[in-house]
Amino acid sequence: MERVCHIITKLELGGAQQNTLFTVAHLNPSTFHPILIVGESGFLDAEARALPHVEFHQVPVLVRRMHPLRDLQALWVLTRLLRRLRPTIVHTHSSKAGILGRIAAKLAGVPIIIHSIHGFGFTPRQHSVYRRALIFAERTVSAWTTRFFSVSEANRRQGIAHGLFPPDRCTVIRSGVDFQAIRQVTVSVPEKKRTLGLDRDRPVVGVIAAMKPQKAPLDFVRLAAVVAATRPDCQFVMVGDGELRPMVEAEIRRLTLDRAFHLLGWRRDVPDILRCLNVLVLPSLWEGLPRVYLEAILSGVPIVGTRVDGGEEVVRDGITGYLVEPGDILGMATRVLEIFNEGWQRPSDSPESLLGPEFDIWEMVHRQEAEYLQLIRECRPDPTSLPVTG
C-alpha cells in the first residue's frame, strides 16, 4: 500500500481545503494509505481528525504569515515527521505549505513530490521586493517537484511564464464539487430565509468567501451601497469569516447598511444558502478557480465576479453570469442591477453540461489517483508490483 501524504497550511472553509479533505477521505483504500499534515488550527480541524482511515498530524508552528523563526521550526518539524512517516508521495497545497513541505520532503528523501496550484502566493499588488522573493522561492523548490497539478489553465500558463516549470510537468486537474450531492439539495427557500434572519420577500445578494485580502470583502460592502441606492429592498449576505471582519463591520456601519446586512460567519450549509440568493458576487483580486462558482452554476444562481485567473474558464458571460475587472465596484454593481432589472433566465443547457465532467469532484480524485500510480511506475523498476485501481 502506497503512503500518500498531503500537507496544507490551514484548514479553513475554502475550496482548496475542502477538496484536500475529500481527496484523502476517498482515495482507494486498497491502494493508498492517506496521511494529512496541517499547520495552524482551522475551522475544519475536527472534521479532519474524524476522517476514518486517514492518518492525521498537526504542526501548529506551520503558520500562514511570514515568520522566519517559526518557518525554520516548521521546516525542522516537517522534515523529522516525514522521515518517520516515510511516504511514497508528498502532495502539498497552498503557498507556505507548498514551499516548506516540498523542502522537507526533499530533505526527508521522499521519492515523489507533487504540488497543487490553487492560485499563487505572489500577486501583482504586492511590494515588488516581496513578490520577487516569493517567485524566487517557488523557482527554487520547483527543481525538487516531480509534478504540478493546476486547478486552472490560467494558473498553468502563469507558472510557465514565470519559469516555475516546463509545460510537460504541469497537469490541469480541476478543483471539483460533488455534482450529485448539489443536484439532490432540497430546501424550502422561505423557511431557510427565515432561519437566516432574512426577509422572505426581498431579493438577496450574497458573497461566500473568507474575509481576507484576496477576496476583497470591502469591495462587496461598497458594491452593496451602490446597489442599495437604487434597490433599497435588497438584502446582503456574507458567508465566511477572517482577518478583515472588523474592517467589514466598520465599513457597513460607515455606509449605514446595518439593517440590510447579514454576516453569517462560517457555514456548512452553503448549497442551501445558495438557493436563497438571487445573485452571487465574488470580488476577488486573484484566484485559482473559485469552487463557489461551480456550486452557484449547479444551483442555478447567476454570478457577478472578477476577471481573474480561472474565472473565465467557468463563467460564461451572459449565460451563467458576468465578469468585470478586479476592483471595478461600479461595474459589478451595474451587473447586479442589470440582473434584477432585466430579469435572469436560466440557461437552457443543464448545469452539468455547462461545466463538463472534469469539474466533478469524483473525477478530480480519479485523475489524482491515476497520476499517483503513473509517477510511482516511473520511479520504480518493476511496474507489475502496483495494483490497478478502477
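Both faces of strand β4 are covered, with Ile-89, His-91 and His-93 buried on one side and Val-90 and Thr-92 buried on the other. Here, buried means under 20% relative accessible area, exposed means over 50%, and partly exposed lies in between (1.4 Å probe, protein chains only). In a regular strand, side chains alternate between the two faces of the sheet. Strand β4 covers residues 89–93, and five of its five residues are buried. Strands (E, at least two residues) and helices (H or I, at least four) are DSSP runs, numbered from the N terminus.

The model is predicted: local features need pLDDT of at least 70 and side-chain atom pairs count only at pLDDT 80 or more, while totals for chains, interfaces and linings use all residues. Residues are numbered from 1 along each chain as its sequence is written, and side-chain values use heavy atoms, with hydrogens and water left out.

What lies beside β4? Strand β1 (residues 2–8) pairs with β4 in the parallel sense over four bridges, and Val-4 stands opposite Ile-89. Two strands count as paired if DSSP finds at least two bridges between them. Strand β5 (residues 112–117) also pairs with β4 in the parallel sense, over five bridges, and Ile-113 in β5 is the bridge partner of Val-90. Together with helix α4 (residues 95–107), β4 and β5 make a right-handed β-α-β unit. Right-handed here means that, with the strands pointing away from the viewer, the path from the first strand over the helix to the second runs clockwise.

Angles run from 0 to 180 degrees between N-to-C directions, and axes are lines fitted to C-alpha atoms, for helices over the stretch in contact. Within this sheet, five bridges join β8 to the parallel strand β9 (residues 235–239), and Ile-208 has Val-239 of β9 as its bridge partner.

The axes of α1 (residues 15–26) and α15 (residues 361–379) come within 10 Å and cross at roughly 65 degrees. Asn-19, Phe-22, Thr-23 and His-26 of α1 make the contact with Ile-361, Trp-362, Met-364, Val-365, Gln-368 and Glu-369 of α15; contact means heavy atoms within 4.5 Å. Also in α15 is Glu-363, which is partly exposed at a relative accessible area of 32%. Leaving aside neighbours within four places in sequence, Glu-363 is in contact with Pro-357 and Glu-358.

Two residues other than glycine have a positive phi value to notice. His-53 has phi near 70 degrees and sits in the loop between α2 (45–49) and β3 (55–58). Is His-53 buried or exposed? With a relative accessible area of 68%, His-53 is exposed. Ala-216 has phi near 50 degrees and is found in the loop between β8 (204–208) and α9 (217–230). At 8% relative accessibility, Ala-216 counts as buried.
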